[in-house]
Protein chains: 2
Amino acid sequence: MKNSLISPASVRLQIREGKLKEPTSGLCPGYAQANLVVLPQKYAYDFLLFAQRNPKPCPLLEVSDTGSRFLKKIAYNADIATDIPKYRVYENGKLTGEYLDIVPFWRDDLVSFLIGCSFSFESELTGAGIEMRHNTEHCNVPMYLTNIPCVPAGSFHGNMVVSMRPIPYEQVVKAVTVTSAIPRVHGAPVHIGCPEAIGIGSLDQPDFGDAVTVKEGEVPAFWACGVTPQAAVMASGTEFCITHAPGHMLITDMKNICLKE
Amino acid sequence: MKNSLISPASVRLQIREGKLKEPTSGLCPGYAQANLVVLPQKYAYDFLLFAQRNPKPCPLLEVSDTGSRFLKKIAYNADIATDIPKYRVYENGKLTGEYLDIVPFWRDDLVSFLIGCSFSFESELTGAGIEMRHNTEHCNVPMYLTNIPCVPAGSFHGNMVVSMRPIPYEQVVKAVTVTSAIPRVHGAPVHIGCPEAIGIGSLDQPDFGDAVTVKEGEVPAFWACGVTPQAAVMASGTEFCITHAPGHMLITDMKNICLKE
């Protein structure tokens, strides 16, 4: 059976059973994938407010009920604690470990936030004939910490993280219109053209992910990135937080096309 | 000086000084107006989650810091407690009074939620050549409690309230495309055509506002309505809540066109 024909529910089951531990890029084409942030209830209001105030880096697809490992809307029967291939645990703002499941960490006061992921808009861009350089070069998308401050909310603050894709000049407008139509996965770029203008020193040295080639006749375009909340958790010294590991996302039952509604 | 040329800040000042007590429809054309819901902090997380789970009836434009009467984004220097012409106070889910300001009710634990208002999309519809029947008939838009359940969140639950506008068949598609482009003011209709299908017994007996004529060759179109949170507060028996009085909105500094971003 070809991988691309397997349903999201089947892939989540494989992940739950430990049979799939790899990054989820390319799995279940057409279905949205999601970033995960899990926080104790005492941080949940501030984080929900942070997401409301910063919708471009933190477009919320679903928020669980407190203590529940299950979702009701974007992934039927998904178990937050087992159905993502790899997790990260942060304590007092510091990364303390990576795990294949977070069952031992689960507590009754945890709330899960599922955030839209750029994989969704990348499939739209590719569909529109725009090359994703990091795919061509078989690496992770380059991500940079900018000098653009997020709007703070309670204990959460920090600067925005952006992902960069080199776009040929003649495709820039198309890249903007395609992504602006999908606000629930970061929407239109936050900046086009000048890395220095948003506090990025060198494109060759991304803060997360891998550098990619920017060719003659191309302009770097920057989109708000779902890594922003992880950066905020680190900047804010949050007592306890669980996230997905970069590239290891929750595969939802929701078609990308439904994110346009 | 023509009323339509006065800035939102000036109109808010007139309201603050008690010189303007009327409904705000038609004031400051082009600028977004907003619904208000003020709740004690202990209800704020549940309500923020309710809004996140029900974005069509509750599109949040801004949430204040706890205890602050001022906003930072949509209305510079606006005082939540004085700059709306008329307020309603609810206790234990029951309407207990209407007031011209809420200074005597203000407490340090209150949080203000500002929610997009259909006045914004009505100006777009009118601009697209679609008649707003309630304007022609000089009355309030008809609103109905439906059988469409909102997704509950903590203590908040209730059915969706919708507003109805009769649309000629040949303009239905245009009405959908125009409003779907503005998700931050309720977006596309939730239903078109059959009132019974969403639990509305008779168009002649709206639950809020006034009935309007539906002519031969027109179809009733229903949009999610910002009165929904007031209905949820009533259905949920919330201890204490302040809202704007219907039609008496906060006039923001934000142009309607910016709601499309």
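## Where the two chains meet

Let's start at the meeting point: 15 residues of chain A are in contact with 15 residues of chain B, where contact means heavy atoms within 4.5 Å. Keep in mind that this is a predicted model, in which local features need pLDDT of at least 70, side-chain atom pairs count only at pLDDT 80 or more, and totals for chains, interfaces and linings use all residues. Residues are numbered from 1 along each chain as its sequence is written, chains are lettered from A and ligands numbered from 1 in the order in which they are written, and side-chain values use heavy atoms, with hydrogens and water left out.

How big is the area buried between chain A and chain B? It comes to about 1200 Å², and carbon and sulfur atoms give 52% of that. Buried area here is the accessible area (1.4 Å probe) that two parts lose on being put together, summed over both. On the chain A side, A:Y45, A:L48 and A:Q52 lose the most area to chain B, together making up 48% of what that side buries.

## What holds the contact surface

Between chain A and chain B there are eight residue pairs in polar contact, both residues at pLDDT 80 or more. A polar contact is a pair of N or O atoms within 3.5 Å; within protein, one must be able to donate a hydrogen and the other to accept it, and residues adjacent in sequence count only if both atoms are side-chain atoms.

Which parts of chain A supply at least two residues each to the side that touches chain B? They are helix 2 (41–53), strand 2 (60–63) and strand 5 (110–116). Helices (H or I, at least four residues) and strands (E, at least two) are DSSP runs, numbered from the N terminus. Helix 2 of chain A gives the most, with seven residues. By type, the side of chain A that touches chain B splits into nine nonpolar, three polar and three charged residues.

## A core with members from both chains

The largest nonpolar core has 66 residues, and those with the most contacts inside it are A:Y45, A:F113, B:Y45 and B:F113. Such a core is a set of buried Ala, Val, Leu, Ile, Met, Phe, Trp, Tyr and Cys residues joined through side-chain atoms within 4.5 Å. Buried means under 20% relative accessible area, exposed over 50%, and partly exposed in between (1.4 Å probe, protein chains only).

Now look at A:Y45 again. Not counting residues up to four places away in sequence, A:Y45 touches B:Q41, B:A44, B:Y45, B:L48, B:V63, B:V111 and B:F113.

## Salt bridges across and within chains

The whole structure has 26 salt bridges over all chains, two of them between chain A and chain B. The cut-off is a side-chain nitrogen of Lys or Arg within 4 Å of a carboxyl oxygen of Asp or Glu. One cross-chain pair is A:D65 with B:R53, at 3.0 Å from N to O. A:D65 lies in the loop between strand 2 and strand 3 of chain A and B:R53 in helix 2 (residues 41–53) of chain B, so this pair joins two chains. A:D65 is partly exposed at 27% relative accessible area, while B:R53 counts as buried at 16%.

Inside chain A, the side chains of A:R16 and A:D83 meet in a salt bridge (2.8 Å, N to O). That pair links distant parts of the chain, 67 residues apart: A:R16 is in helix 1 (residues 8–16), and A:D83 is in the loop between strand 2 and strand 3 (87–91). A:R16 is partly exposed at 38%, whereas A:D83 is buried at 1%. Another salt bridge runs from A:R88 to A:E98, with the closest N and O atoms 2.8 Å apart.

## A buried glutamine

A:Q230 sits in helix 6 (residues 228–236) of chain A. Is A:Q230 buried or exposed? At 4% relative accessibility, A:Q230 counts as buried. Its side chain makes a polar contact with the side chain of A:Y90 (3.1 Å). Leaving aside neighbours within four places in sequence, A:Q230 is in contact with A:R88, A:Y90, A:T243 and A:H244. A:Q230 and A:V37 are 193 residues apart in sequence, yet 7.7 Å apart in space, C-alpha to C-alpha.

Notes:
Nonpolar A, V, L, I, M, F, W, Y, C, P; charged D, E, K, R; others polar.
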